[in-house]
Amino acid sequence: MKHFVIIAILVVASTFAIHAGLEGIGLLPVQASTQAISIDQLFGLYTWAIAFVFSLIIVIMLYALVVFRRRKGETGDGAHIEGNSTLEIAWTIVPLLAVLYLAYLGAHSLAETRRIDPSALVVKVIAGQWYWQFQYPDQGISSTELYLPIGQQIDFQMTSKDVIHSFFVPEFRLKQDIVPGRTVDLRVTPDKLGTYTVECAQLCGANHAYMTAKVHVVAQADFDAWVQSQKSLAAQDPALLGEQLATQYGCAVCHSTDGSKKVGPTWAGLYGSQVELNDGSKVTADVTYLTNSIVNPNLQIVNGFQPNVMPQTFGQILEQNQIDALVAYIESLK
Amino acid sequence: MKKILSVSLVRGLLWEIIGSGVGVAFVVLVRLLMRLPAWKAEPAVVVGALFGALFFLGGTGVMDAWFQWATGNETGEPEPFVEGVTGWRRYLSVSFDHKVIGVQYLALSLLLFTIGGTFALIFRTELAQPGLQFLTPIEYNTLMSLHGIVMIIGILIGISAFMNYLVPMMIGASDMAFPRLNAFSFWIAVPAGIILLSSLAFGGFDTGWTGYPPLSVRAPLGMQMFFLGVSLASFSSILSALNLLVSVVRLRAKGMTPFRLPIFVWAAIATSIISLTATQLIGLAFQMTMLERLLGMGFFDPLKGGNPVLFEHLFWFYSHPAVYVFVLPGLGIISELLPVFARKPLYGYKWVAMSSLGIALTGFLVWGHHMFASGMAEYLRVPFMYSTLLVAVPTGVKFFSWTATIWRGKISFPTPMLFVLGGIVIFLLGGLSGPPNATVSTDLLLNNTYYIVGHFHDTLFGGYVFPFFAAIFYWFPKMSGKRLNEKLGKTQFWLMFPGLLILTLDMMRVGLLGMRRRVDDYDPALGFQAYHVVMTISGFIIALGALVFFINVWLTLKRGEKVPGNLWESRSPEWQVPSPMPVHNYAKPIEVVGEPYDYGLPGSQYVRFAGEGSND
Amino acid sequence: MTEVKPNALRLGVLIFAALAVLTGVEFAVAIFLNTWPLLALIAVIKAGLVMYYYMHISRLFSADPNPDRESYTYKLATNRLGLWFFLLSDGFIFGGLLVSRINLMGLTRPELNQLLGLAVSSVLLVSSFFANRAETSMALGDRRQALVSVSITILLGLVFLAGVLGVEWRLAPFGPADGVQGAIFYSMTGFHAFHVLTGVIFMTIIARNLWRGRFSTEKHWGVEAAVVYWHFIDVVWIFFYPALYLIGTLH
C-alpha cells in the first residue's frame, strides 16, 4: 500500500513539474489568428495529458526498477502473477473513453476553425515553383507580399501552377496543401499586428526551402493605404516597375543585365538587336518578339540555348501592364 | 577464380550486369521495331534495371530448384548450404536454412542502416549552419529522400531477420514452411537495394520518400530507380510474411495452442498480416507513377483529369500500416524479454497478444491522418481522427502490461534489458507525441514540420532500433555461441539513449515553433541554428554508439566469451538446446506442457522433448 | 488424397451453366437497368461460385487426414494455404486498381466495344470451365482428359490475350495517354493480361509435365495450383468486366 502512496505523490509532482517546464519554455509561436485560439487550448490540454501519462508510466517503472531490483547474491524468481482481468478491462476502458473525449474536443476545435464569415476578404493565392503571388480581385491589385487587415476573415482561394505546394504561417496555426488542378480554400482571421512569413510546407523541388513570402498584418487604414499604393505602382515609370518585377519573378536568376551568359540570353543591349534563332533564322528583338518570349517562350529559341527551361506560365501569371513594364525595362538596358 | 564464382552473390552481381545490358538492348530493339528513335534514356534504364534484378536472381541460383521442378525433375528437400562453399563465404551464398537466411538479412539490414545513417550525417552537417555550405539542393533532397527510404527498407529487412531467425525455433519447427521461398525473399532484396542506391548515379530525386506526383513525374531519372527499387523490395516483405503465416499455422509443436505461443510469435503474426496485404498498394502507387512517367498515363495529372490526392490515398493505405510493421516486432521483443529479466510472467499475456492484432487491424483504418492538410474530402477528416486516436488503446494495454510485468519482479540489468527499458521510454515519448498529430486542428500546425520528424524518430527508435539491439545482444549467443561484450554494450546504450532523446526533443521543439521539414536551408532570423547544431552533434553521438556496436561484434566474433548453454535461463524452446543452434534445430521434437511465462512457479515447465517422462 | 466425388465433372458443367446465365443476366441488367449495386451483387455471386466450386476454398478448412508432418497430404495442405495467401495478397493489387477506377471515373465508364467485351469475358469463363475439368479429371485419374482440358485452357487463354491486347487495345478510340479513361483501361487490362500470361506459362509447364506422366491421382499439386491460379485470374475479371464495360454512363 505504501508503494502506491509514494507513487501517487511522485506522479503528481512529476506531472506538475513537467507541465511547468514545458509551459515555461514556451512551446508555440506567437498566436496571431482567431482560429488559433481553440487550437492552442487543445495544445494546452495535450501538454497536461502528456505530462501526466508520461509521469504515470515512468514513475511506476523507475520505482519498480529500483525497489524490485535483484540485490547482489539474491537468487530466485519474481512473484508469480499472471494478470488481473478487472485491471485489464479498466485500463482498456478508461483510455478508450479518454481518446473518444479528445476526438470529440478535436472535432469541436476543427469546426471552430472552419467557421465561415460571408463578408470575408477574398485573396487569391497562386503558388508555383518557387514563388508566391497574391491577387486581390476586389481591389484589382496583385502583389508578392501578403498584406492583411487585422480582425477581418480572409478567404484564401489557392491554386498551384505546377506541383503540390502548401500555405503555412505558423503564427496562424493553419496549413493547407495546394493541389494543382483545383482551387482550395482556407479561411484565416488575423488578430495580431505584426510581420510573419508564409512558407511552402510541402516539398516542391529544388528551391522549396526558399519559397517564402512576407505577411504583414496591419490596421485597416494602413491596409487601405497599401492598396492605393499598389494601384498607383502600376501607373509609375514602367521601366522602374519592370525592374522590380524582374527581381520579384526571378528573371534575373537566368537573364543577366551586364552581358554575361547565364541560363538564358542576356538582356543587355537586347532590345532592337538582331537575334539568331536555333533554326538559323534571324529576327529583330522588338516589342512583339520580347512579349512573345515572355508569354510563349518555346515559340522561338535563341541559338545556343535550350527549350523547356523557362517557365511557360508567365502569360497566365502576369498582367498585361506587367509584361509591358518588363519589356520597357529591357528596352532601357542598352 | 572458381572459388570466387562459387559465391552466389558474386555470380548474381555478374549476371545483374549482363541482365542490365540485355534489358537496355531489348528496349532499343523494341523501339526500332516501333519505328521510334532507338535511344531513350528512361525506358532503357528502367527496363535494364528490371532485367538486371531478374538476371541477378537467376545468377545466384536461388531459383534453380524451381526451374528443375518446372522441367519435371524431382527436387529433394532443400539443403542448408550450397556444395563447395565454406567458411564465411557461406553467408554470401544461397542457403535454405532459416538461421543462415536470418543472419544474411541481419547483415544486409546493418549495411543499409550504415548507408542510410551516413546520408543523415552528411546532410545534418550541412544543416548545422544556415546557408548551403557544400550540398546543392538536388544533392540534399536526394540524400534526405534516400535516408528515409534506405532506413525504412533497412527496418523491413531487419524485421525479416528477426522473424525468420526466431519464429521457427520458437514454435519448435526445424525450418520455415517454404525454405526456398525464404531464400528468394532475401535475395530479391539485394538487387532492390542496389537499384535504389543507383538513383544517386541517375540524377537523384527531390520528392522525399513519399514520391508525390506531380513533382515525382517531373523529377530526374533517379526517381524511377527509387520506384523500381521499392517495388522489388516489397516482394521480399510480402513473400516473407506469407512464409511466416503459413509456418505458424502448420508447423507448431505438439501442445502449442495459440495462447501458448511465445508472445513474439503473436507480434510476428500481426506484422505479417499487414505485410502480406497492404504492401501491394505502395507497389501499385509507384508502378502507376512509373507508367505515368513512361507512357504519359494520366492517373495523377490534373491536366488529364487525374487526381494527385488519389496517389496519396494509395500510398498511405500501405505506408501507415507499414509503421506498425516497423514497431510491432520490436514491441513483441520487449514483451518477450521483460519476463526473462524480471523473472515474472508477462502480465496479461492474452491481452498483450490481442493488442498486437488490435493495433494491426486498427492500423488499416487510419491512413488519412497523413492527409489532413492535403485537400482530401472534408467529411473524411473527423472519422480518421477518431480511428487514429483509438490506436492508443491497444498500445496503452502494452505499456500497462510491461509496467505490471516488472512490478514485484526480481530485475537484473544486462545490456539487452537496458535496450528494452530504453526502448520503452523512447516509444512512450513517441506514442505520447502522437495525439496532437491525430487531432486535425492541432495537426494543421504540426504537419510537415520537424515535430513529425521527432515523433517518428522516437517511435522508430523506441519500437524498432532499441528492441533490435536488445534482440541482437540477447540472441547473439544463440547465433554464434559467444556473448557480446557487456562493457561495450553499455557504452553503446549510454551513447545512443541520451543522443536520441536530445535529438528528438530538439526536433519536436523547433517543429512546434514552425520549422518545416525537408528543407536544405533555413532563415537564421528564426533563431533555430543552435537547435540544429545540437541535432547534428546528437546524430554523431548516435553514430558513435553504432561504431561501438560494430567494434563489439567484430571483437566478439574473433575472441569473445563462449556461452554454450541457457545464458539467460529462459523458458523459451530455443534455449533448451545448445548454442550455437544445431543445424536442424531440434534433434528430438519438443512438446508444450505448460505456459510460456510461468517464471516464479516452482516445478513448472513450458516445453519438454518428446519421449521424456512427464512430471505427473 | 483429396476426396473427389465421381459426379464432380457434372458439377463442373452445372456451375459453368450458372456462371453463363449470370453473365447474361448481368449484361441485361447493364443495358436495361444500369444500377451498379445489382451489378456488384451479381459479380459477388459469380465470384463466390468460382471460389467455392472451382477453387475449392473449403479445402482450407478441412481437417488433415494424416497428422504426420512429413506426409504428402500434410505438405499438400500447407502448400494450399501458401497459395491462397499469395492470391489474397495479389488481390490487393486489383483492389487498388478498382478503387482507382472508382476515384477517377466515378459513375462514368470508358468508351469500349460491348460485343468485344462480352466475347473476351466469355472466352475466359469457358477457359475456367476447362481448367476445372482438367483438375477434376486428374483427381479422378484420367490423365488424358486432363491434358486435353489443360491444352484447351491454354488455347483459350491465348485467345483472350489476342482479343484484349491484339484487338481491343488497337480498336479502343483512346490511347494510354488519353486522359483518365486511357490510364484506367490500359492499366487494368494490362495488369490483368500480365497475370493471364503468367497463367498461360504456368499451364504450359503443367501440360508438359502431364504429358510426361509426372502427376498421379494422389500427387498432382502442380495441376491443382495452376488451375486455382487460373480461376483467381477469372475472379479478377468477374469484377473488372462490369467495372470497365457495364457500370455507369459513357465518359
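The model is a predicted one, so local features need pLDDT of at least 70 and side-chain atom pairs count only at pLDDT 80 or more, while totals for chains, interfaces and linings use all residues. As for bookkeeping, residues are numbered from 1 along each chain as its sequence is written, chains are lettered from A and ligands numbered from 1 in the order in which they are written, and side-chain values use heavy atoms, with hydrogens and water left out.

## Charged pairs

Let's start with charges. Side chains of opposite charge can pair when their charged atoms come close. Here, a salt bridge means a side-chain nitrogen of Lys or Arg within 4 Å of a carboxyl oxygen of Asp or Glu. Over all chains, that rule gives 24 salt bridges. The table shows three of them, among those 24.

| Lys or Arg partner | Glu partner | Closest N and O atoms |
|---|---|---|
| B:Arg516 | A:Glu199 | 3.9 Å |
| A:Lys282 | A:Glu276 | 3.8 Å |

Take the pair of A:Glu199 and B:Arg516. This pair crosses between chains: A:Glu199 sits in strand β9 (residues 194–200) of chain A, and B:Arg516 sits in the loop between α20 (486–512) and α21 (529–559) of chain B. Helices (H or I, at least four residues) and strands (E, at least two) are DSSP runs, numbered from the N terminus.

Are these two partners buried or exposed? A residue is buried under 20% relative accessible area, exposed over 50% and partly exposed in between, using a 1.4 Å probe and protein chains only. A:Glu199 has a relative accessible area of 8%, so it is buried. B:Arg516 is buried too, at 6%.

The other two pairs in the table look like this. In chain C, C:Lys75 is partly exposed at 33%, whereas C:Glu70 is exposed at 59%. Elsewhere, C:Arg59, C:Arg80, C:Glu135 and C:Glu224 are joined into one network by salt bridges that share partners.

## Rings, and charges over rings

Now for the aromatic side chains. A pair of aromatic rings is described by the distance of the centres and the angle of the planes. Rings of Phe, Tyr and Trp (its six-membered ring) pair if their centres lie within 6.5 Å; planes under 30 degrees apart count as stacked, over 60 as edge-to-face and the rest as tilted. Searching the whole structure turns up 82 aromatic pairs over all chains.

One of them joins B:Phe226 and B:Phe227, with ring centres 5.5 Å apart. Why is this pair called tilted? The planes of the two rings stand at 50°, so the pair is tilted. B:Phe226 is buried, at 0% relative accessible area, and B:Phe227 is buried at 0% as well.

Another pair is B:Tyr464 with B:Phe468: the centres are 5.1 Å apart and the planes are at 25°, so this one is stacked. The two residues are 4 residues apart in helix α19 (residues 450–480) of chain B, which means about one helical turn separates them. B:Tyr464 is buried at 0%, and B:Phe468 is buried at 2%.

Rings can have a charge over them too: this counts if NZ of Lys or CZ of Arg is within 6 Å of the ring centre and within 35 degrees of the ring normal. B:Lys478 lies over the face of B:Trp575, 5.3 Å from the ring centre. Likewise, B:Arg571 lies over the face of B:Tyr599, at 5.8 Å.

## A nonpolar patch on chain B

Next, the surface. B:Met1, B:Ile4, B:Leu5, B:Leu14, B:Trp15, B:Ile17, B:Ile18 and B:Val22 make up a nonpolar patch with about 790 Å² of accessible area together. Patches are made of residues with over 30% relative accessible area and no salt bridge; like charges are joined within 9 Å, and nonpolar side chains (Val, Leu, Ile, Met, Phe, Trp, Tyr) within 5 Å. Accessible areas come from the Shrake-Rupley method with a 1.4 Å probe, and for residues only the protein chains shown count as cover.

Which helix gives the most to the nonpolar patch? That's α2(B), with 5 residues. Both α1 (2–5) and α2 (8–33) of chain B supply at least two residues each. B:Ile17 lies in helix α2 of chain B and is exposed, at 61% relative accessibility.

## Chain C as a whole

Finally, zoom out to chain C, which has 7 helices and 2 strands. Along the sequence they follow the pattern α-α-α-β-α-α-α-α-β. The radius of gyration of chain C is 19 Å, close to the 18 Å that the globule rule gives for 251 residues, so the chain is as compact as a globular protein of that length. That radius is taken over C-alpha atoms, and the globule rule is 2.2 Å times the number of residues to the power 0.38. The C-alpha trace of chain C spans about 55 × 30 × 30 Å along its principal axes. Of the 251 residues in chain C, 54% are buried.
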